[in-house]
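Trainee: I'm new to this one, and I'd like to know what stands behind each label. Can we go through it together?

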Amino acid sequence: MPLRDLPADALPREKLLARGPGALADTELLALLLRTGLPQLNVLQLADKLLADFNGLPGLLRAQPSQLALIKGLGPAKQAEIGAVMEIARRTLAVELARSPVFDTPAKVKDYLSLRLSGLEHEVFAVLFLDSQHRLLCMEELFRGTLTQTSVYPREVVKRALQLNAGALILAHNHPSGLAEPSRADEFLTQRLKSALQLVDVAVLDHLVIGLGQTVSFAERGLL
């Protein structure tokens, strides 16, 4: 059915204004962002196809620009808008984590790291540097590797923590395979970093492993 033939209260924009964004399905929210469809697909059908192709909103928002460029109907303007939504979400969470101790909002820490690291085709080792009250100072990607391994140097983590005058930190890395289960190598690396940072009185609060749709916490597993 063409959009023009839908009842007014079923159109995404009118529905949002009348009932709030929470009333919209993922397809409707994406249709609002896309605004227009293709000659053979109205905007709701295009949105539905994109969600199917990328396994939902998380997959679409984490897609690389090169992936989006291959999709018919996603020109530069729409690609930019999708990227902007993702960056707005990242920055919003970063501001919230900088305002209060990270342990006040552990779910937001996981969400923030998932937005930054999930879906990448290469492995990234990142560190959230925190002040003495465990508020976020910054997140930095310190090491990048292949699909299977990353070389992480404890002295570089210690050096950067001292430069930022960090009181604590959270380690994080992604698994490009999509499986978030920590390996024995991950456990060994965590203990090496924890021991090195203890020498300069910087606490390791957690190590989070990011997969697709799943994040595993070393602290919650009792591995720290």
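This is a predicted model: local features need pLDDT of at least 70, side-chain atom pairs count only at pLDDT 80 or more; totals for chains, interfaces and linings use all residues.

Trainee: What makes up the secondary structure of the protein chain?

Mentor: You'll find 10 helices and five strands. Those are DSSP runs, numbered from the N terminus: helices are H or I with at least four residues, strands are E with at least two. As for extent, the C-alpha atoms fill a box of roughly 70 × 35 × 30 Å along the principal axes.

Trainee: Why is Thr 27 called buried?

Mentor: Buried means under 20% relative accessible area, exposed means over 50%, and partly exposed is in between, using a 1.4 Å probe and protein chains only. Thr 27 has 19%, so it counts as buried. Across the protein chain, buried residues make up 42% of the 224 residues.

Trainee: What does Thr 27 touch?

Mentor: Setting aside residues up to four places away in sequence, Thr 27 touches Leu 44, Ala 47, Asp 48 and Leu 51. A contact here means heavy atoms within 4.5 Å. Thr 27 and Ala 47 are 20 residues apart along the chain, with their C-alpha atoms separated by 5.5 Å.

Trainee: Thr 27 is in helix 2. Which residues of helix 2 are buried?

Mentor: In helix 2, residues 26–34, they are Thr 27, Glu 28, Leu 30, Ala 31 and Leu 34.

Trainee: How do you know that the buried residues line one face of helix 2?

Mentor: Look down the helix axis and take the directions from the axis to the C-beta atoms; the arc is the arc of those directions. The buried residues of helix 2 fall within an arc of 165°, so they line one face. Their cover includes helix 1 (12–19), helix 3 (43–53), helix 4 (57–61) and helix 6 (76–99). Just after helix 2, Arg 35 takes a positive phi of about 75°.

Trainee: What about helix 8: which of its residues are buried?

Mentor: Pro 154, Val 157, Val 158 and Ala 161 are buried there. They fall within an arc of 100° seen down the axis of helix 8, so they too line one face. What covers them includes strand 1, strand 2, strand 3 (168–174) and helix 9 (184–198). Asn 165 follows helix 8, and its phi is positive, near 55°.

Trainee: Why is the aromatic pair of Phe 125 and Phe 143 called tilted?

Mentor: Rings of Phe, Tyr and Trp (its six-membered ring) pair if their centres lie within 6.5 Å; planes under 30 degrees apart are stacked, over 60 edge-to-face, and the rest tilted. Phe 125 and Phe 143 are 6.2 Å centre to centre with 50° between the planes, and that makes a tilted pair. Phe 125 lies in strand 1 (residues 124–130) and Phe 143 in strand 2 (residues 136–144), so the pair ties together parts 18 residues apart in sequence.

Trainee: And what makes Phe 143 and Tyr 153 an edge-to-face pair?

Mentor: Their ring centres are 6.0 Å apart and their planes are at 65°, which puts the pair in the edge-to-face class. Together, ring pairs link Phe 125, Phe 143 and Tyr 153 into a cluster.

Trainee: Are those three residues buried or exposed?

Mentor: Phe 125, at 2% relative accessibility, counts as buried. Phe 143 has 9%, so it is buried as well. Tyr 153 has 41%, so it is partly exposed.

Trainee: What makes Gly 222 exposed?

Mentor: Its relative accessible area is 59%, so Gly 222 goes down as exposed. You'll find Gly 222 in the segment after helix 10 (218–221).

Trainee: Last one: why is Ser 114 called buried?

Mentor: Ser 114 has 11% relative accessibility, so it counts as buried. Ser 114 lies in helix 7 (residues 106–117). Leaving aside neighbours within four places in sequence, Ser 114 is in contact with Arg 62 and Ile 210.

Key
Residues are numbered from 1 along each chain as its sequence is written. Side-chain values use heavy atoms; hydrogens and water are left out.
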